Amino acid sequence: MSKSTSPNKEGEKKPMTLSTKILIGLFIGIATGLFFGEYCKHLAIVGDAFIGLLQMTVLPYIVFSLIVNIGRLSLDDGRKLIIQGIRFLSILLAIGLTVVMILPLAFPEWKSANFFSSSFVAPAPELDFLELYIPANPFFSLSSSKVPAVVLFSILVGIGVMQIKGKDKDMLLHSLDAFNKALNQVNKLVVKLTPAGVFAIAASTAGTMTLDELGKMQAYLLTYIVAVVIMCFWVLPMLISACTPFKYKDIFKYTKATLITIFATGKIIVVLPQLIEDIKELFEEYDLNSEENNAGIDILMPLAYPFPNLGTLCIFVFVPFASWFIGSGISLKDYPMFMGATLLSSFVAPVTGIPFMLDLLKIPKDMFQLFVVSTVFTDRVRVVLGAMHLITLTILTLSSTYGFFKVKKRKIVFGLATTVGLFFVTLIPLRIFLGYSLKDAYQNDKVISNMQLIHKLVPFTVIEKSTPNPDPLLENESVLDRVKRRGKIRVGFYEDEIPFSYFNEEGELVGFGIDMAHELGSALEVELEFVPITVGHMPEELKNDHFDIVMSDIFMSTQYSAELSFSNPYLDVTMALVVKDQDDYFKQFETTAALDSFRIGYFERKDVADKFIKYFPNATGVRLDSVNQFFYDIEDSIPALDGLLTSAERGAALTLLHPEYQIANPLPYKITLPLAYPIGNNDEAMTSFVSNWIEVNKRDGTIDRFYDYWILGDDQLRRKEHWSVIKDVLHWVD
């Protein structure tokens, strides 16, 4: 992509450069998105089309460029390039790992917790490295954009072309080179559309982002952006200028338009051909544009692209951020594993590597959802650093291989001292700022304490004390018939079964089960009477006609099924322990089983507790009258407890109120139990009706919506719209 312009006649206006046009498109796009808000979301189609046009020539260009330029090399030249490339790649990755180690110093102390995530029970992601790196079917690799496999295929074909002698080799290379030039011309035509494409991407992104999303991860975003700015605009250019003839300003003079395009599109590969042309023009400026240097650029850029770059490597600071965000933190003993796994994981895309790292370090994988949100912002800066990494690697490798690499010691010492100073004067104040801004940032305890029913479909009353139904069953009358006759259904509930049934901050009875009760009352066209269950007496009270149905989280089990009549299951939950944040030994079976003794508290269900505890010979169970006994040690007679046995779904909600705790599963597999509704008087008609009603609510999405809201903390229908000038300032639209 040429940056030069023909000389202007005196008085003629100098034409606007492409980089200026791209910047204008970027800023106008951001302004348009902020002004019109979600009305700009459809512009994403235009942005996607532009990226697609850029992508269409990239992989063919890489294939033919590598084949042609490797085919022209001698084995000796190729070996030199590879050796020097590996050398400088190792140096750059060592710099990146050092940065990843020091960035968490910006995170201040705090405690946090999050809603349950289904990833707690999801299997670990499988990485098919063979498919990613081995081109068993080159056409599949091309169609699936498996860049490492495509590069390996091209390298092997290029080595094969090396072995061909005579006219056949010349004819083949000439034809492939001509085709590659044609691809480059097509790419240059598409590049002319860059200002419009950047406008569309910027407008759709700015119009659909939210301040809440930014606020949740400001520590990660600010820290990562600081690292990228220092690395991209100081460390790497300084390294080039301190070891090669190139000046700092010239590096950006020839690459700025391409870097802006990369920032806007969030992708390096779509402008890889332009980046190659930029480096060639930089070499030409310094009269270093020899045939071997140009061939080296054509080889090194595509060859280095599939390997880890500093942008991708530094993005893994999200892992210690995620650990910090949930109120934990990576321990020193885990850092060697973290650094080694980070290096290996950086060989794949972050969307693949991050879930693997979260699972490896036992960090709740729902944090990956936060990472996905953050990519709207971080992908823009990550790829700019990645592009600067490729530029640095290519220039340093060629300089060393072809004899114009010279270390300027004074510049290196000055650069190193300045780099240390830059990180010191940015990370320390950033830690102080984040500590101040996040001191009252934890709000999830307030969120769950103030949650309200999604549906209040029928009139209801809450009875203070459990008593038998004042209207006994008539002779041969079913529970279902009595409900219809009375026009009321009595629903048993536990008062402190967050998030299934509990009283919120305003004293309202809410929860998953309470919303379901309103749905049931609506289906029966009756009113609701909520009756509190006396702890330890649910089966007896159900048999003594205190309630028609129990709608808290009741596990089905062999013992209970023999005593009570149950509806069909409406939800499956996974058993887990609620333990203190620092008690990481409960995360693995081996460390838990090795404990000399530990005490587990449980609420109500001894049969379920016994099933869990039998896997740990040294464990003992203690029955609690309330989960508050575990958190507050209300009764002096209750000994110190190491964990609370409950479902992971309920345990996650409890950690929202007590962020110094976490959920853990010490077993090497999951114990899953179904939740169902016990039916009064073992009534078959009522049981059949409720079971059929559950199936209807599963299929129409009602249970899924309640699950998303009460268990996952997500409510699609109650989300705030994105901010915009047209709506929130001018009030032109509702």
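Which residues does valine 319 touch, not counting residues up to four places away in sequence? Select valine 319 and display its contacts, where contact means heavy atoms within 4.5 Å: the partners are Ile330, Phe338, Ile354, Met357, Leu361 and Ile363.

Before continuing, note that this is a predicted model, in which local features need pLDDT of at least 70 and side-chain atom pairs count only at pLDDT 80 or more, while totals for chains, interfaces and linings use all residues. Residues are numbered from 1 along each chain as its sequence is written, and side-chain values use heavy atoms, with hydrogens and water left out.

**The nonpolar cores**

Next, select Tyr220, Phe283, Val319, Phe321 and Phe338, the residues with the most contacts inside the largest nonpolar core, which has 119 residues. A nonpolar core is a set of buried Ala, Val, Leu, Ile, Met, Phe, Trp, Tyr and Cys residues joined through side-chain atoms within 4.5 Å; buried means under 20% relative accessible area, exposed over 50% and partly exposed in between, with a 1.4 Å probe and protein chains only. Helix α11 (residues 218–243) gives the most to this core, namely 17 residues. Helices (H or I, at least four residues) and strands (E, at least two) are DSSP runs numbered from the N terminus.

Apart from this core lies another of 79 residues; Leu453, Met516, Ala619 and Leu656 are among them.

**Aromatic pairs**

The whole structure holds 37 aromatic pairs. Rings of Phe, Tyr and Trp (its six-membered ring) pair if their centres lie within 6.5 Å; planes under 30 degrees apart count as stacked, over 60 as edge-to-face and the rest as tilted.

Select phenylalanine 493 and phenylalanine 503, an edge-to-face pair with 6.2 Å centre to centre and 70° between the planes. Phenylalanine 493 belongs to strand β2 (residues 488–493) and phenylalanine 503 to strand β4 (residues 501–503), so the pair ties together parts 10 residues apart in sequence. Phenylalanine 493 counts as buried at 1% relative accessibility, whereas phenylalanine 503, at 32%, counts as partly exposed.

Move to phenylalanine 598 and phenylalanine 616: the ring centres are 5.8 Å apart and the planes at 70°, so this pair is edge-to-face. Both phenylalanine 598 and phenylalanine 616 are buried.

For an aromatic cluster, select Phe107, Tyr220, Tyr224, Phe318, Phe321 and Trp324.

**Lysine 280**

Finally, select lysine 280 in helix α13 (residues 272–285). Lysine 280 has a relative accessible area of 17% and is therefore buried. Beyond residues up to four places away in sequence, lysine 280 touches Asn294, Ile297 and Asp298.
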